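Thanks for coming. I have one structure to go through today, so please look at the screen.

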Amino acid sequence: MKQDDPRPQAKPFEIPKRLIWNAWKDVAANKGAPGVDNESIQAYQENLGGNLYKLWNRMSSGSYHPAPVKQVLIPKGDDFRALGIPTVADRVAQAAVKMALEPRLEKIFYPESYGYRPGKGAKDAVAQVRRSCWKYDWVLDMDIKAFFDSIDHDLMMRAVEKHAPEKWIRLYIRRWLECPIQLENGEMVSRSCGTPQGGVISPLIANLYLHYAFDRWMKVNYPGILFARYADDVICHCRTRNEGEALLESLRDRLANCKLELHPAKTRLVYCKDNRRKGAYPFTRFDFLGFSFHGRTVQDRKGNLFTGFNPAVSRKSLKRMNEDIRNLNINRSTQATLPELAERINPMVRGWIAYYGAFYPEPLKRFLIQIDLRLGRWARNKYKRLRGHKRRSWKWLKRCRNSFSKMFVHWDYLFAKGHG
């Protein structure tokens with residue numbers, strides 16, 4: 001073609017514009033914080049057509065390079081979890097690759113993998129683990145040390161190449177894996193392994209990594225052992241202690257070959273002790289996805305009490321929920337009305353009930369009752385006639401509860417059937 005030929009040059013990569021548009025809609029729906037460029041979803045949308053065309057043009061020509069990932073530290077218990085926040089444009093690009101790649105990966109993923117998959121969720125994984133604990137006496141509770149930070153890039157790309165013949169998908173996943181991280185102090189840190197939690201593409205490729213590192217390996221080498229995996233949280237069910245100990249040793253070697261390591265203090269063999277299982281063992285409980293599994297007193301259909309191995313909200317989850325409630329400073333919010341307090345509290349409580357209320361809800365109910373203790377203190381601080389009178393404030397709160405039982409979500413949950 002002559003230099004003065006006005007016809008446009010063909011793009012090296014054929015990427016449908018509709019794919020970029022659908023990716024934008026997905027990113028916009030999920031909202032999210034700005035990346036290193038401090039550009040919000042709203043700001044990006046002000047020149048949406050131009051921004052999306054620019055991104056499509058760069059991706060189609062091969063000139064697209066992601067910006068550094070912004071690190072944000074999120075409290076996790078007594079420590080912090082590092083999230084990596086890409087820019088809005090990079091999130092759109094990652095969403096486009098995810099939309100192209102996810103349908104074909106869903107065809108190879110096993111049913112035992114529950115995390116970040118369409119039509120599956122954490123409660124499904126918990127329910128499966130509960131059923132398996134009733135059948136098998138032993139659990140191998142696995143904790144992969146710093147999984148998202150340890151993913152080997154070359155092994156990751158080998159897995160991607162099995163399922164992505166498109167050069168542009170492979171090219172951009174490699175660039176996302178290798179792009180640097182900007183720390184909160186502005187320092188840039190290069191990365192030779194790992195994928196940042198917070199990226200749109202990270203959950204999908206992390207699942208692909210563990211599909212080959214763990215799921216498929218288990219199916220080939222230990223087809224008789226049941227397991228459930230939610231991202232890097234893994235539970236294996238064993239018939240005997242010896243079987244569990246042998247599996248643990250094999251998994252250490254397998255994961256080491258995949259550049260991963262089991263956390264020595266958090267990985268353990270657990271005995272699912274209940275009224276039928278009488279043996280002794282140091283570990284008889286484990287946590288999984290915010291639930292604590294151990295022997296609990298339950299009632300059968302005939303009203304007989306027995307000890308069953310069941311999940312309920314864990315102590316760590318209760319501690320976090322209590323901190324969330326405390327951070328609302330309910331008892332000091334004397335300028336607010338009772339309905340305004342309900343507007344603050346209800347969204348988080350509604351989520352807790354939907355999730356933790358699905359299994360053995362008694363510990364959750366005991367926690368929710370404590371919210372009324374804070375409401376009682378709020379009432380005594382707000383109304384002079386109630387100050388110094390606990391019993392009077394409880395009577396006042398009960399009258400409110402009886403008259404407006406649906407004002408607070410936990411009132412409706414706890415007392416709607418006449419338990420108040």
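I will take the cores, then a helix pair, then a sheet.

This is a predicted model: local features need pLDDT of at least 70, side-chain atom pairs count only at pLDDT 80 or more, and totals for chains, interfaces and linings use all residues. Residues are numbered from 1 along each chain as its sequence is written, and side-chain values use heavy atoms, with hydrogens and water left out.

A nonpolar core here is a set of buried Ala, Val, Leu, Ile, Met, Phe, Trp, Tyr and Cys residues joined through side-chain atoms within 4.5 Å, where buried means under 20% relative accessible area with a 1.4 Å probe, protein chains only. The largest such core has 72 residues, and I173 and C236 have the most contacts inside it. Helix α9, residues 202–221, gives the most to this core, with 11 residues. Helices are DSSP runs of H or I with at least four residues, and strands are runs of E with at least two, numbered from the N terminus. Another core, apart from that one, has 52 residues, including W396 and W411.

Next, the helix pair. Helix α1 (17–30) packs against helix α4 (88–106) at about 115°, with the axes 8 Å apart. Axes are lines fitted to C-alpha atoms, for helices over the stretch in contact, and angles run from 0 to 180 degrees between N-to-C directions.

Last, the sheet. Three strands form an open antiparallel sheet, ordered β9-β10-β11; strands pair if DSSP finds at least two bridges between them. β9 and β11 are at the edges with a single partner strand each, so one side of each has no neighbour in the sheet. Between β10 and β11 there are 9 bridges.

How values were computed:
Buried means under 20% relative accessible area, exposed over 50%, partly exposed in between (1.4 Å probe, protein chains only).
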